[in-house]
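Me: I have a structure open and want to go through it with you. Can we keep it quick?

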Amino acid sequence: MSSEQILAAAEEVRSAGPSAPRPGRDPINLPMIRNWVEAIGDKNPIYVDEAAARAAGHDGIVAPPAMAQVWTMQGLNAVRQTDDPLGRMTTILDEAGFTSVVATNCDQVYHRYLKVGEEVTITTTLEDVVGPKKTGLGEGWFFNTRSVWRDAAGEPVAEMLFRILKFMPKTDRPGPSGNGQGASYDDLDPSRMMRPSASQDTQFFWDGVAAHELRIQQREDGTLQHPPVPALWKDKAETTDYVVASGRGTVFSYVVHHAPKVPGRSLPFVVALVELEEGVRMLGELRGVAPADVTIGMPVEAIYLDFPGDDETGGAPWTLYAWQRGAKERS
Amino acid sequence: MTSTLDVVVGTTLPELSVTGDPTFVVSAALATRDFQDVHHDRDLAQQRGSKDIFVNILTDTGLVQRFVTDWAGPTAVIKSIALRLGVPWYAYDTLTLSGTVASVDDGVVTLDVVGKNGLGDHITSKVTLVLDGRTNGAGA
(Lines give C-alpha, C1' and ligand atoms only; values in the text may rest on other atoms or scores of the structure.)
Protein backbone atom coordinates (compact mmCIF):
# COMPACT_ATOMS: atom_id res chain seq x y z
CA MET A 1 0.00 0.00 0.00
CA SER A 2 1.50 3.36 -1.00
CA SER A 3 1.53 6.48 1.16
CA GLU A 4 -1.11 7.98 -1.11
CA GLN A 5 -3.34 4.95 -0.61
CA ILE A 6 -2.90 5.12 3.18
CA LEU A 7 -3.81 8.81 3.16
CA ALA A 8 -6.83 8.14 0.96
CA ALA A 9 -8.02 5.35 3.27
CA ALA A 10 -7.45 7.60 6.29
CA GLU A 11 -9.44 10.38 4.63
CA GLU A 12 -12.33 7.98 4.19
CA VAL A 13 -12.29 7.15 7.90
CA ARG A 14 -11.95 10.81 8.86
CA SER A 15 -14.74 11.99 6.60
CA ALA A 16 -17.04 9.33 8.07
CA GLY A 17 -16.98 11.54 11.17
CA PRO A 18 -17.53 10.45 14.73
CA SER A 19 -18.49 6.91 15.65
CA ALA A 20 -22.06 6.37 16.84
CA PRO A 21 -22.53 7.32 20.51
CA ARG A 22 -21.79 4.28 22.65
CA PRO A 23 -23.15 4.31 26.20
CA GLY A 24 -21.13 3.27 29.21
CA ARG A 25 -22.23 -0.05 30.66
CA ASP A 26 -23.45 1.39 33.96
CA PRO A 27 -24.32 4.78 35.36
CA ILE A 28 -21.62 6.57 37.35
CA ASN A 29 -21.58 4.52 40.54
CA LEU A 30 -19.96 4.36 43.94
CA PRO A 31 -18.66 0.75 43.77
CA MET A 32 -16.55 1.49 40.70
CA ILE A 33 -15.37 4.74 42.26
CA ARG A 34 -14.37 2.90 45.43
CA ASN A 35 -12.35 0.33 43.49
CA TRP A 36 -10.62 3.11 41.63
CA VAL A 37 -9.72 5.34 44.60
CA GLU A 38 -8.50 2.31 46.55
CA ALA A 39 -6.29 1.11 43.70
CA ILE A 40 -4.93 4.58 42.95
CA GLY A 41 -4.59 5.42 46.65
CA ASP A 42 -6.59 8.61 46.24
CA LYS A 43 -7.82 9.90 49.63
CA ASN A 44 -9.74 12.90 48.28
CA PRO A 45 -13.02 12.66 50.27
CA ILE A 46 -15.25 14.26 47.62
CA TYR A 47 -15.39 10.93 45.74
CA VAL A 48 -16.84 8.93 48.64
CA ASP A 49 -18.21 11.31 51.27
CA GLU A 50 -21.42 13.26 50.61
CA ALA A 51 -20.73 15.95 53.23
CA ALA A 52 -17.16 16.49 52.06
CA ALA A 53 -18.33 16.78 48.46
CA ARG A 54 -20.93 19.38 49.42
CA ALA A 55 -18.42 21.29 51.52
CA ALA A 56 -16.18 21.46 48.46
CA GLY A 57 -18.96 23.02 46.40
CA HIS A 58 -20.45 19.98 44.65
CA ASP A 59 -24.10 18.87 44.76
CA GLY A 60 -23.10 15.48 46.13
CA ILE A 61 -20.52 12.76 45.61
CA VAL A 62 -18.63 13.23 42.34
CA ALA A 63 -16.53 10.85 40.30
CA PRO A 64 -12.81 11.47 39.87
CA PRO A 65 -12.53 13.29 36.52
CA ALA A 66 -9.65 11.01 35.49
CA MET A 67 -12.21 8.17 35.49
CA ALA A 68 -13.87 9.66 32.38
CA GLN A 69 -12.55 6.89 30.12
CA VAL A 70 -13.17 4.19 32.71
CA TRP A 71 -16.95 4.59 32.45
CA THR A 72 -16.92 3.59 28.79
CA MET A 73 -14.22 0.92 28.93
CA GLN A 74 -15.63 -2.34 27.68
CA GLY A 75 -15.60 -5.69 29.44
CA LEU A 76 -13.10 -8.51 29.65
CA ASN A 77 -14.05 -9.90 26.23
CA ALA A 78 -14.51 -6.59 24.46
CA VAL A 79 -14.85 -6.39 20.68
CA ARG A 80 -14.29 -3.02 19.03
CA GLN A 81 -17.27 -1.45 17.21
CA THR A 82 -16.95 -1.60 13.41
CA ASP A 83 -17.30 2.18 13.12
CA ASP A 84 -14.56 2.87 15.67
CA PRO A 85 -11.99 5.09 13.90
CA LEU A 86 -9.12 3.85 16.06
CA GLY A 87 -9.83 0.25 15.07
CA ARG A 88 -10.32 1.16 11.40
CA MET A 89 -7.09 3.16 11.20
CA THR A 90 -5.19 0.40 13.00
CA THR A 91 -6.38 -2.12 10.41
CA ILE A 92 -5.33 0.11 7.51
CA LEU A 93 -1.82 0.57 8.88
CA ASP A 94 -1.48 -3.09 9.88
CA GLU A 95 -2.27 -4.08 6.30
CA ALA A 96 0.32 -1.59 5.04
CA GLY A 97 2.95 -3.28 7.22
CA PHE A 98 3.04 -0.76 10.08
CA THR A 99 2.19 -3.48 12.54
CA SER A 100 3.63 -2.19 15.81
CA VAL A 101 2.00 0.40 18.01
CA VAL A 102 2.98 2.72 20.81
CA ALA A 103 0.78 5.35 22.46
CA THR A 104 2.60 8.65 22.72
CA ASN A 105 0.11 11.12 24.18
CA CYS A 106 -3.12 11.10 26.16
CA ASP A 107 -4.58 14.55 26.79
CA GLN A 108 -7.83 14.86 28.70
CA VAL A 109 -9.98 17.94 29.30
CA TYR A 110 -12.72 17.88 31.92
CA HIS A 111 -15.65 20.26 31.45
CA ARG A 112 -17.27 19.26 34.71
CA TYR A 113 -17.25 16.55 37.36
CA LEU A 114 -19.78 13.74 36.99
CA LYS A 115 -22.23 12.86 39.73
CA VAL A 116 -23.26 9.41 40.89
CA GLY A 117 -26.26 8.23 38.87
CA GLU A 118 -25.41 10.10 35.67
CA GLU A 119 -24.89 8.27 32.40
CA VAL A 120 -22.41 9.06 29.65
CA THR A 121 -21.84 8.12 26.02
CA ILE A 122 -18.62 8.24 24.01
CA THR A 123 -18.00 9.17 20.37
CA THR A 124 -14.61 9.00 18.68
CA THR A 125 -13.33 10.82 15.60
CA LEU A 126 -10.15 10.38 13.58
CA GLU A 127 -8.10 13.57 13.37
CA ASP A 128 -4.68 14.12 11.75
CA VAL A 129 -2.82 11.26 10.14
CA VAL A 130 0.82 12.13 9.50
CA GLY A 131 3.44 10.03 7.78
CA PRO A 132 5.48 8.25 6.84
CA LYS A 133 7.97 9.56 9.43
CA LYS A 134 11.32 8.15 10.39
CA THR A 135 11.36 7.53 14.15
CA GLY A 136 13.71 5.86 16.58
CA LEU A 137 11.48 2.81 16.52
CA GLY A 138 11.24 2.61 12.75
CA GLU A 139 9.30 4.23 9.93
CA GLY A 140 5.76 4.97 10.96
CA TRP A 141 2.58 7.00 10.96
CA PHE A 142 1.20 9.15 13.75
CA PHE A 143 -2.52 9.54 14.13
CA ASN A 144 -4.81 11.23 16.60
CA THR A 145 -8.26 10.24 17.71
CA ARG A 146 -10.49 12.59 19.66
CA SER A 147 -13.10 11.15 21.99
CA VAL A 148 -15.91 13.11 23.59
CA TRP A 149 -17.97 11.97 26.54
CA ARG A 150 -21.46 13.47 26.79
CA ASP A 151 -24.08 13.49 29.48
CA ALA A 152 -27.78 12.63 29.11
CA ALA A 153 -28.47 16.12 27.75
CA GLY A 154 -25.82 15.66 25.06
CA GLU A 155 -23.48 18.19 26.65
CA PRO A 156 -19.78 17.32 26.59
CA VAL A 157 -18.38 16.48 30.03
CA ALA A 158 -14.88 15.36 29.02
CA GLU A 159 -12.68 15.07 25.94
CA MET A 160 -9.56 13.11 25.12
CA LEU A 161 -6.95 13.39 22.43
CA PHE A 162 -5.12 10.09 22.02
CA ARG A 163 -2.00 10.00 19.86
CA ILE A 164 -0.57 6.77 18.52
CA LEU A 165 2.50 5.85 16.50
CA LYS A 166 2.04 2.84 14.23
CA PHE A 167 5.42 1.76 12.94
CA MET A 168 7.28 -0.82 10.92
CA PRO A 169 9.87 -2.26 13.25
CA LYS A 170 13.45 -2.17 12.07
CA THR A 171 14.42 -5.74 11.12
CA ASP A 172 17.30 -4.99 8.79
CA ARG A 173 20.16 -6.48 10.76
CA PRO A 174 22.59 -8.02 8.28
CA GLY A 175 25.10 -10.32 9.94
CA PRO A 176 28.58 -11.39 8.86
CA SER A 177 26.96 -14.16 6.86
CA GLY A 178 25.40 -11.50 4.68
CA ASN A 179 22.06 -13.21 5.14
CA GLY A 180 20.22 -9.99 5.94
CA GLN A 181 16.89 -10.97 4.47
CA GLY A 182 14.67 -12.81 6.92
CA ALA A 183 12.50 -15.73 5.85
CA SER A 184 8.73 -15.39 5.52
CA TYR A 185 6.43 -16.71 8.26
CA ASP A 186 2.79 -16.35 7.27
CA ASP A 187 1.85 -19.41 9.34
CA LEU A 188 3.16 -17.87 12.57
CA ASP A 189 1.78 -15.24 14.94
CA PRO A 190 4.93 -13.82 16.56
CA SER A 191 2.92 -11.75 19.06
CA ARG A 192 1.78 -15.04 20.63
CA MET A 193 4.97 -17.07 20.29
CA MET A 194 7.32 -17.80 23.14
CA ARG A 195 10.45 -15.70 22.79
CA PRO A 196 13.84 -17.26 23.42
CA SER A 197 15.09 -16.57 26.91
CA ALA A 198 18.83 -15.88 26.93
CA SER A 199 21.03 -16.58 29.95
CA GLN A 200 24.57 -15.42 30.59
CA ASP A 201 25.71 -18.67 28.99
CA THR A 202 23.49 -18.48 25.90
CA GLN A 203 23.43 -14.74 25.19
CA PHE A 204 26.18 -15.10 22.55
CA PHE A 205 24.10 -17.69 20.73
CA TRP A 206 20.96 -15.53 20.57
CA ASP A 207 23.00 -12.47 19.64
CA GLY A 208 24.27 -14.61 16.77
CA VAL A 209 20.76 -15.56 15.70
CA ALA A 210 19.82 -11.87 15.69
CA ALA A 211 22.82 -11.33 13.37
CA HIS A 212 21.70 -14.28 11.22
CA GLU A 213 24.44 -16.67 12.19
CA LEU A 214 24.62 -19.92 14.15
CA ARG A 215 27.32 -19.63 16.81
CA ILE A 216 28.66 -22.84 18.31
CA GLN A 217 30.47 -22.73 21.60
CA GLN A 218 34.13 -23.79 21.55
CA ARG A 219 35.53 -25.52 24.60
CA GLU A 220 38.93 -24.92 26.09
CA ASP A 221 40.38 -27.85 24.11
CA GLY A 222 38.98 -26.54 20.85
CA THR A 223 36.10 -29.02 20.56
CA LEU A 224 32.62 -27.74 19.80
CA GLN A 225 29.70 -27.86 22.18
CA HIS A 226 25.98 -27.33 21.69
CA PRO A 227 23.79 -26.48 23.58
CA PRO A 228 26.17 -24.05 25.28
CA VAL A 229 27.40 -24.89 28.77
CA PRO A 230 28.76 -22.49 31.42
CA ALA A 231 32.28 -21.57 30.27
CA LEU A 232 33.90 -22.32 33.61
CA TRP A 233 37.35 -22.31 32.00
CA LYS A 234 37.05 -18.58 31.26
CA ASP A 235 36.80 -15.53 33.45
CA LYS A 236 33.18 -14.52 34.04
CA ALA A 237 33.75 -11.17 32.40
CA GLU A 238 34.91 -12.75 29.13
CA THR A 239 32.66 -13.93 26.33
CA THR A 240 32.77 -17.62 25.54
CA ASP A 241 34.67 -18.69 22.41
CA TYR A 242 32.58 -19.79 19.48
CA VAL A 243 32.77 -20.60 15.81
CA VAL A 244 30.15 -19.57 13.27
CA ALA A 245 28.58 -22.62 11.67
CA SER A 246 27.92 -22.79 7.96
CA GLY A 247 24.28 -23.39 8.74
CA ARG A 248 24.24 -26.56 6.63
CA GLY A 249 23.53 -30.00 8.00
CA THR A 250 21.40 -33.11 7.70
CA VAL A 251 18.35 -34.36 9.55
CA PHE A 252 19.58 -36.72 12.27
CA SER A 253 16.14 -37.29 13.73
CA TYR A 254 12.78 -35.53 13.87
CA VAL A 255 9.30 -35.48 15.38
CA VAL A 256 6.02 -34.17 13.98
CA HIS A 257 4.13 -32.11 16.53
CA HIS A 258 0.35 -32.53 16.20
CA ALA A 259 -0.82 -31.61 19.70
CA PRO A 260 -1.21 -29.81 21.99
CA LYS A 261 -1.61 -26.36 20.43
CA VAL A 262 1.46 -24.14 20.65
CA PRO A 263 0.80 -20.40 20.96
CA GLY A 264 1.38 -18.58 17.69
CA ARG A 265 2.11 -21.73 15.62
CA SER A 266 0.00 -23.65 13.09
CA LEU A 267 -0.19 -27.42 13.53
CA PRO A 268 1.30 -29.80 12.60
CA PHE A 269 4.95 -28.76 12.42
CA VAL A 270 8.21 -30.65 12.20
CA VAL A 271 10.93 -30.37 14.83
CA ALA A 272 14.23 -31.65 13.45
CA LEU A 273 17.42 -32.61 15.24
CA VAL A 274 20.00 -31.49 12.70
CA GLU A 275 23.59 -32.66 12.60
CA LEU A 276 25.56 -29.65 11.45
CA GLU A 277 28.60 -29.91 9.17
CA GLU A 278 30.64 -28.88 12.20
CA GLY A 279 29.57 -32.06 13.99
CA VAL A 280 27.21 -30.80 16.70
CA ARG A 281 23.47 -31.41 16.72
CA MET A 282 20.88 -28.66 17.09
CA LEU A 283 17.08 -28.70 17.41
CA GLY A 284 14.83 -26.42 15.41
CA GLU A 285 11.67 -26.28 13.37
CA LEU A 286 11.99 -27.67 9.84
CA ARG A 287 9.88 -25.42 7.66
CA GLY A 288 8.50 -25.75 4.17
CA VAL A 289 8.62 -29.55 4.10
CA ALA A 290 5.46 -31.66 4.55
CA PRO A 291 5.80 -34.03 7.53
CA ALA A 292 5.43 -37.05 5.23
CA ASP A 293 8.34 -35.86 3.08
CA VAL A 294 10.89 -35.55 5.87
CA THR A 295 13.61 -38.21 5.78
CA ILE A 296 16.58 -38.98 7.96
CA GLY A 297 19.69 -37.67 6.25
CA MET A 298 17.82 -34.96 4.34
CA PRO A 299 20.10 -31.96 3.74
CA VAL A 300 18.89 -28.79 5.47
CA GLU A 301 20.13 -25.26 6.06
CA ALA A 302 19.46 -22.58 8.64
CA ILE A 303 17.05 -19.74 7.97
CA TYR A 304 16.20 -16.75 10.15
CA LEU A 305 12.77 -15.39 11.01
CA ASP A 306 12.79 -11.68 11.80
CA PHE A 307 9.76 -10.76 13.86
CA PRO A 308 8.52 -7.22 14.48
CA GLY A 309 8.18 -5.62 17.90
CA ASP A 310 4.88 -6.45 19.45
CA ASP A 311 1.78 -4.43 18.60
CA GLU A 312 0.59 -3.95 22.14
CA THR A 313 3.78 -3.47 24.07
CA GLY A 314 6.09 -1.94 21.50
CA GLY A 315 8.57 -4.64 22.56
CA ALA A 316 11.84 -5.04 20.64
CA PRO A 317 11.97 -6.93 17.35
CA TRP A 318 13.40 -10.44 17.65
CA THR A 319 14.73 -13.28 15.54
CA LEU A 320 14.38 -17.03 15.59
CA TYR A 321 16.32 -19.60 13.58
CA ALA A 322 14.75 -22.60 11.82
CA TRP A 323 15.63 -25.07 9.10
CA GLN A 324 14.57 -25.43 5.51
CA ARG A 325 15.35 -28.03 2.86
CA GLY A 326 19.02 -27.70 1.94
CA ALA A 327 20.31 -26.14 -1.25
CA LYS A 328 22.01 -29.37 -2.36
CA GLU A 329 18.75 -31.21 -2.71
CA ARG A 330 16.92 -28.32 -4.32
CA SER A 331 19.45 -27.89 -7.12
CA MET B 1 -4.39 19.41 52.57
CA THR B 2 -5.39 23.02 52.29
CA SER B 3 -7.35 25.27 50.01
CA THR B 4 -5.43 28.40 50.87
CA LEU B 5 -2.11 27.50 49.27
CA ASP B 6 0.36 30.22 48.60
CA VAL B 7 0.84 29.47 44.93
CA VAL B 8 3.35 31.28 42.80
CA VAL B 9 5.27 30.26 39.73
CA GLY B 10 8.04 27.92 40.82
CA THR B 11 6.19 26.52 43.84
CA THR B 12 6.99 22.83 44.11
CA LEU B 13 4.60 20.09 45.19
CA PRO B 14 5.53 17.49 47.81
CA GLU B 15 6.92 14.45 46.02
CA LEU B 16 4.89 11.25 45.88
CA SER B 17 6.48 7.82 45.50
CA VAL B 18 4.32 4.89 44.46
CA THR B 19 5.60 1.33 44.70
CA GLY B 20 4.56 -0.53 41.59
CA ASP B 21 4.24 -3.95 43.18
CA PRO B 22 2.18 -6.51 41.25
CA THR B 23 -0.86 -5.88 43.45
CA PHE B 24 -0.75 -2.22 42.50
CA VAL B 25 -0.26 -2.88 38.79
CA VAL B 26 -3.06 -5.44 38.63
CA SER B 27 -5.59 -3.77 40.92
CA ALA B 28 -5.19 -0.42 39.16
CA ALA B 29 -5.54 -2.01 35.71
CA LEU B 30 -8.75 -3.77 36.78
CA ALA B 31 -10.11 -0.72 38.62
CA THR B 32 -9.70 1.21 35.37
CA ARG B 33 -11.43 -1.64 33.50
CA ASP B 34 -8.33 -2.32 31.41
CA PHE B 35 -8.14 -6.08 30.92
CA GLN B 36 -5.18 -6.14 28.51
CA ASP B 37 -3.14 -9.21 29.49
CA VAL B 38 0.13 -7.25 29.64
CA HIS B 39 -1.18 -5.57 32.80
CA HIS B 40 -1.93 -8.74 34.76
CA ASP B 41 -0.26 -11.81 33.21
CA ARG B 42 3.51 -11.88 33.45
CA ASP B 43 3.91 -14.90 31.16
CA LEU B 44 2.01 -13.21 28.35
CA ALA B 45 3.69 -9.84 28.98
CA GLN B 46 7.06 -11.54 28.59
CA GLN B 47 5.97 -13.39 25.48
CA ARG B 48 5.07 -10.01 24.03
CA GLY B 49 8.56 -8.74 24.71
CA SER B 50 8.11 -6.92 28.01
CA LYS B 51 10.23 -7.49 31.07
CA ASP B 52 7.17 -7.89 33.27
CA ILE B 53 3.59 -6.68 33.61
CA PHE B 54 3.40 -2.91 33.42
CA VAL B 55 1.18 -0.06 34.60
CA ASN B 56 -1.56 1.04 32.19
CA ILE B 57 -2.13 4.57 30.93
CA LEU B 58 -5.43 5.14 32.72
CA THR B 59 -3.66 4.54 35.99
CA ASP B 60 -1.01 7.12 35.12
CA THR B 61 -3.70 9.73 34.57
CA GLY B 62 -5.31 8.77 37.87
CA LEU B 63 -2.04 9.00 39.75
CA VAL B 64 -1.25 12.42 38.34
CA GLN B 65 -4.69 13.59 39.44
CA ARG B 66 -4.17 12.13 42.93
CA PHE B 67 -0.72 13.72 43.18
CA VAL B 68 -2.16 17.14 42.36
CA THR B 69 -5.21 16.98 44.64
CA ASP B 70 -3.14 15.54 47.52
CA TRP B 71 -1.46 18.92 47.39
CA ALA B 72 -4.30 21.21 46.35
CA GLY B 73 -7.02 19.74 48.58
CA PRO B 74 -10.65 18.70 48.06
CA THR B 75 -11.87 22.06 46.79
CA ALA B 76 -9.51 21.90 43.81
CA VAL B 77 -11.14 21.27 40.44
CA ILE B 78 -8.99 19.60 37.80
CA LYS B 79 -9.57 21.03 34.34
CA SER B 80 -7.16 19.02 32.24
CA ILE B 81 -4.39 16.44 32.35
CA ALA B 82 -2.11 16.12 29.31
CA LEU B 83 0.23 13.15 29.42
CA ARG B 84 3.21 12.34 27.28
CA LEU B 85 4.29 8.77 27.73
CA GLY B 86 7.90 7.71 28.02
CA VAL B 87 9.59 4.57 29.33
CA PRO B 88 7.36 1.78 30.62
CA TRP B 89 6.67 1.29 34.31
CA TYR B 90 7.22 -2.39 35.03
CA ALA B 91 6.16 -4.20 38.20
CA TYR B 92 8.58 -3.82 41.14
CA ASP B 93 9.75 -0.39 40.00
CA THR B 94 8.86 2.73 42.01
CA LEU B 95 7.48 5.87 40.41
CA THR B 96 8.30 9.23 41.95
CA LEU B 97 6.10 12.14 40.97
CA SER B 98 7.31 15.70 41.26
CA GLY B 99 5.54 18.89 40.27
CA THR B 100 6.14 22.59 39.81
CA VAL B 101 3.76 25.50 39.29
CA ALA B 102 4.40 26.69 35.73
CA SER B 103 1.89 29.53 35.63
CA VAL B 104 -0.98 31.14 37.52
CA ASP B 105 -3.38 32.87 35.20
CA ASP B 106 -6.75 34.30 36.23
CA GLY B 107 -7.27 31.65 38.87
CA VAL B 108 -6.12 28.78 36.65
CA VAL B 109 -2.97 27.09 37.90
CA THR B 110 -0.82 25.15 35.44
CA LEU B 111 1.51 22.49 36.82
CA ASP B 112 4.35 20.59 35.21
CA VAL B 113 4.34 17.07 36.59
CA VAL B 114 6.99 14.46 35.92
CA GLY B 115 6.94 10.80 36.98
CA LYS B 116 10.34 9.08 37.03
CA ASN B 117 11.13 5.43 37.60
CA GLY B 118 14.21 3.25 37.37
CA LEU B 119 14.21 3.45 33.58
CA GLY B 120 13.76 7.22 33.27
CA ASP B 121 10.84 9.56 32.62
CA HIS B 122 7.65 7.53 32.51
CA ILE B 123 5.20 10.46 32.65
CA THR B 124 5.68 14.02 31.46
CA SER B 125 2.49 15.95 31.98
CA LYS B 126 0.79 19.29 32.26
CA VAL B 127 -2.18 19.74 34.58
CA THR B 128 -4.52 22.70 34.87
CA LEU B 129 -6.79 23.28 37.85
CA VAL B 130 -8.62 25.90 39.84
CA LEU B 131 -7.78 25.75 43.51
CA ASP B 132 -11.20 26.58 44.91
CA GLY B 133 -14.13 25.19 42.97
CA ARG B 134 -16.60 26.87 45.32
CA THR B 135 -15.79 30.21 43.71
CA ASN B 136 -15.13 28.83 40.23
CA GLY B 137 -18.13 26.64 39.58
CA ALA B 138 -17.14 23.12 40.62
CA GLY B 139 -20.52 21.50 40.27
CA ALA B 140 -23.00 21.20 37.47
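**Working through the model**

Reply: B:Asn56 is buried, at a relative accessible area of 1%. Buried means under 20% relative accessible area, exposed over 50%, and partly exposed in between (1.4 Å probe, protein chains only). Ground rules: this is a predicted model, where local features need pLDDT of at least 70, side-chain atom pairs count only at pLDDT 80 or more, and totals for chains, interfaces and linings use all residues. Residues are numbered from 1 along each chain as its sequence is written, chains are lettered from A and ligands numbered from 1 in the order in which they are written, and side-chain values use heavy atoms, with hydrogens and water left out.

Me: Where is B:Asn56 found in chain B?

Reply: In the loop between helix H2 (42–47) and helix H3 (57–72) of chain B. Helices (H or I, at least four residues) and strands (E, at least two) are DSSP runs, numbered from the N terminus.

Me: Which side chain does B:Asn56 join in a polar contact?

Reply: That of B:Asp34, at 3.1 Å. A polar contact is a pair of N or O atoms within 3.5 Å; within protein, one must be able to donate a hydrogen and the other to accept it, and residues adjacent in sequence count only if both atoms are side-chain atoms.

Me: And which residues is B:Asn56 in contact with, leaving aside neighbours within four places in sequence?

Reply: B:Ala28, B:Ala29, B:Thr32, B:Asp34 and B:His39. Contact means heavy atoms within 4.5 Å.

Me: B:Arg33 has a positive phi. What is the value?

Reply: About 60°, although B:Arg33 is not a glycine. B:Arg33 sits in the loop between H1 and H2 of chain B. It counts as buried, at 16% relative accessibility. B:Tyr92 also has a positive phi, about 80°, and is not a glycine. B:Tyr92 is in the loop between E2 and strand E3 (94–105) of chain B. At 55% relative accessibility, B:Tyr92 counts as exposed.

Me: Switching to the interface. How many residues does the contact take from chain B and chain A?

Reply: 44 from chain B and 48 from chain A. The area buried between them is about 3,700 Å², with 55% from carbon and sulfur atoms. Buried area is the accessible area (1.4 Å probe) that two parts lose on being put together, summed over both. On chain B, the elements giving two or more residues to the side that touches chain A are helix H1 (22–31), H2, H3 and strand E2 (77–85).

Me: How many salt bridges over all chains?

Reply: 22 in the whole structure. One of the pairs is A:Lys115 with A:Asp59, closest N and O atoms 3.6 Å apart. A:Lys115 lies in the loop between strand E2 (100–110) and E3 of chain A, and A:Asp59 in the loop between helix H3 (50–55) and H4, so the pair ties together parts that are 56 residues apart in sequence. A:Lys115 is partly exposed, at 25% relative accessibility. A:Asp59 is partly exposed too, at 43%.

Me: What about A:Glu159 and A:Arg146?

Reply: Their side chains meet in a salt bridge, 3.7 Å from N to O. A:Glu159 is in strand E5 (residues 156–169) of chain A and A:Arg146 in strand E4, so the pair ties together parts 13 residues apart in sequence.

Me: Now helix H1 of chain A. Which residues of H1(A) are buried?

Reply: A:Ile6, A:Ala9, A:Ala10 and A:Val13.

Me: What covers the buried residues of H1(A)?

Reply: The cover includes helix H4 (85–95), strand E3 (121–135) and strand E4 (138–150) of chain A.

Me: Last one. Which residues does the cis peptide bond with omega of about -10° join?

Reply: A:Gly131 and A:Pro132. A:Pro132 is in strand E3 of chain A. The peptide bond from A:His226 to A:Pro227 is cis as well, with omega near -5°.

Terms used. A salt bridge is a side-chain nitrogen of Lys or Arg within 4 Å of a carboxyl oxygen of Asp or Glu.
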